[in-house]
Amino acid sequence: MPAAKSPSVVDVVIVGAGFAGMYMLHRLRGLGMSVRVFEAGSGVGGTWYWNRYPGARCDVESMQYSYSFSPELQQEWQWSELFASQPEILRYANHVADCFDLRGDIRFDTRVTEAQFDRATHRWDIRTDRGDVVSARYCVMATGCLSTARVPDFPGIERFTGKTYHTGHWPHEGVDFTGQRVGVIGTGSSAIQAIPVIAQQAAHVTVFQRTPNFSIPSRNGPMTETYAESWKSDYPARREQARRARTGILNNPNDVSALEVSDEERQHIYEQRWAAGGTNFLAAFNDLILDRQANDTAANFVRDKIRETVRDQATAELLAPKNHPIGTKRICVDTDYYGTYNRDNVTLIDARATPIAEVTAHGLHAGDTKYRFDAIVFATGFDAMTGALLNIDIEADGQPLREKWQVGPRTYLGLMTAGFPNMFMITGPGSPSVLSNMMVSIEQHVDWIADCVTYLRAHGLDCIEATQAAEDAWAEHGNEVANKTLYPLANSWYMGVNIPGKPQVFMPYIGGVGAYREICDDVAASGYRGCTLAAQPAALAAE
Ligand code: N01
């Protein structure tokens with residue numbers, strides 16, 4: 001059946017049908033607006049649609065990594081594990097699409113290629129790779145923070161005769177590594193989840209590690225009815241607490257400095273958090289991301305755990321991060337990651353001492369060694385936060401967004417960018433986004449945007465644009481807050497360091513989810529301070 005043609009004029013175009021785009025569609029429909037969503041994938045789910053690598057699972061507990069907007073939905077859905085796996089989260093996304101009948105307004109297998117703002121009509125003209133041209137009053141970028149997968153430019157990559165995979169573009173039918181020699185490049189969150197699972201199948205796994213990461217055991221397990229019920233019976237209060245929490249996660253924060261307690265007590269607290277598992281480890285004390293000495297106590301604890309777990313001490317030393325404070329690169333959460341290096345079929349290679357020189361027909365060449373592989377897994381990350389936005393030709397008043405962001409992304413609240421009216425970003429750079437429970441941040445942004453367009457409509461307005469002054473002040477504030485933390489000390493993708501030539505600025509807002517929400521609410525309550533609001537001239541509007 002030929003795909004239905006998009007209406008050429010709508011109130012809003014949304015780019016992306018992950019959790020952000022889906023909820024945005026639902027909210028705007030509720031306001032009686034006409035909406036067209038474009039999604040490059042063949043289904044909903046965004047990051048959970050693409051990242052199907054073995055072991056993929058969320059590092060936020062399932063009871064917290066879910067929508068809160070529908071009491072019925074959060075009561076009826078049942079998670080089977082404490083930390084949900086990718087297939088289960090994708091089932092959840094599809095369930096939401098079914099429950100709220102979302103698919104009718106989503107055009108799948110369609111990538112937005114261009115968006116141009118027309119100042120005369122206050123509308124965006126949006127084009128896709130399938131020839132759609134749609135005029136929309138507002139354009140909402142729900143493009144995700146980690147959706148542009150990146151394979152480094154290794155020489156000879158095209159010569160490899162085996163199979164290559166990127167964790168962020170995993171084949172839908174899965175991969176059987178049985179009996180294969182597999183090379184894994186990268187040791188970020190994706191690799192740390194994938195390696196233990198691939199190692200159970202493959203004949204041999206060789207891991208190329210350039211930078212070790214800190215990882216905390218998840219202690220994942222089956223969801224018990226009692227635990228699920230403890231959340232469900234108290235959901236409204238807990239969701240509200242999460243919205244006001246620093247990371248959007250209820251993680252039992254301990255409001256005490258790591259340096260104020262005795263060595264024994266500190267050790268005891270770390271042991272408890274390690275045994276409980278997950279990212280809550282970083283909430284053990286209130287100054288772990290603020291004070292290097294405090295941070296060292298946590299980093300040393302984890303390094304010791306690595307040495308205890310990994311039998312070969314040379315491998316353990318290689319796995320123990322030495323160069324960045326714990327938590328300043330995204331903390332990883334695993335199931336038997338370090339223990340996997342005790343297997344006979346797993347080898348760790350120091351790709352910093354012996355960098356990968358080239359890909360050959362049958363494997364890789366690093367240092368003086370040639371490695372033979374049947375398959376290579378690139379767990380090499382993403383062009384984070386700005387990649388997906390800048391892959392679209394976005395232009396207003398003759399200025400491309402790429403040009404404006406040449407020296408780094410600049411936004412007002414991570415929601416808008418000056419010079420590009422009526423364009424909103426969900427979890428854009430300059431908002432807590434990747435430093436938070438994405439579900440909480442997504443819902444907050446979607447609700448803010450829905451309230452904003454409602455306000456404009458109620459006041460006979462149809463255009464909103466962040467002022468340059470407000471944007472500059474937000475950037476200054478963002479830098480000021482980031483510089484009070486240890487985050488800028490790490491060469492992380494938060495800083496854009498993983499992409500050659502990418503400007504190095506700290507992209508997310510570290511001021512905290514709760515504090516950030518208050519700022520956004522305050523901006524809305526003030527009638528959108530820091531923005532210019534306008535209406536089209538009456539004559540034009542009537543045309
Ligand atoms: O990507 P990454 P990821 N030669 O950028 C290495 C989220 N996520 O997909 O650090 C050799 O972290 C690179 O080395 P280095 C989460 O927010 C969440 O793993 O640049 N190695 C690094 O080791 C996460 O942070 C979940 O020195 C090269 C790796 O590739 C984000 O996604 C699960 C190289 C890339 O690590 C991204 O994680 C998965 C080269 N030329 C992901 N180039 C959960 O919810 C790159 N590398 C649990």
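This is a predicted model: local features need pLDDT of at least 70, side-chain atom pairs count only at pLDDT 80 or more; totals for chains, interfaces and linings use all residues.

Me: How do you know that the span of helix α4 agrees with its 14 residues?
Reply: Helices here are DSSP runs of H or I with at least four residues, strands are runs of E with at least two, and both are numbered from the N terminus. The expected span is 1.5 Å times one less than the number of residues. For α4 (residues 86-99) that should give 20 Å, and its end C-alpha atoms are 20 Å apart, so the two agree.

Me: Which residues of α4 are buried, and what covers them?
Reply: Buried means under 20% relative accessible area, exposed over 50%, and partly exposed in between, with a 1.4 Å probe and protein chains only. In α4 the buried ones are Gln86, Glu88, Ile89, Leu90, Tyr92, Ala93, Val96 and Ala97. Their cover includes α1 (19-30), α2 (47-50), α3 (71-76) and α14 (438-458), where contact means heavy atoms within 4.5 Å.

Me: Why is the pair of Tyr337 and Tyr341 called edge-to-face?
Reply: Rings of Phe, Tyr and Trp (its six-membered ring) pair if their centres lie within 6.5 Å; planes under 30 degrees apart are stacked, over 60 edge-to-face, and the rest tilted. The structure holds 40 aromatic pairs. In this one, Tyr337 and Tyr341 are 5.2 Å apart centre to centre with 85° between the planes, which makes the pair edge-to-face. Tyr337 has 2% relative accessibility, so it counts as buried; Tyr341, at 7%, also counts as buried.

Me: What makes Arg52 a charge over the ring of Tyr49?
Reply: The test asks for NZ of Lys or CZ of Arg within 6 Å of the ring centre and within 35 degrees of the ring normal. The charged end of Arg52 sits 4.8 Å from the centre of the Tyr49 ring. Arg238 likewise lies over the face of Trp231, at 4.6 Å from the ring centre.

Me: Why do Asn422 and Ser433 count as buried?
Reply: Asn422 has 1% relative accessibility, so it counts as buried. Ser433 is at 0%, and therefore counts as buried too. Asn422 lies in the loop between α13 (401-404) and β19 (423-425), and its phi is near 60°. Ser433 is in the loop between β19 and α14, with phi near 30°.

Me: How do you know that the protein is as compact as a globular protein of its length?
Reply: The protein has 17 helices and 21 strands. Its radius of gyration is 24 Å, close to the 24 Å that the globule rule gives for 543 residues, so the description holds. That radius is taken over C-alpha atoms, and the rule is 2.2 Å times the number of residues to the power 0.38. Of the 543 residues, 58% count as buried.

Notes: Residues are numbered from 1 along each chain as its sequence is written. Side-chain values use heavy atoms; hydrogens and water are left out.
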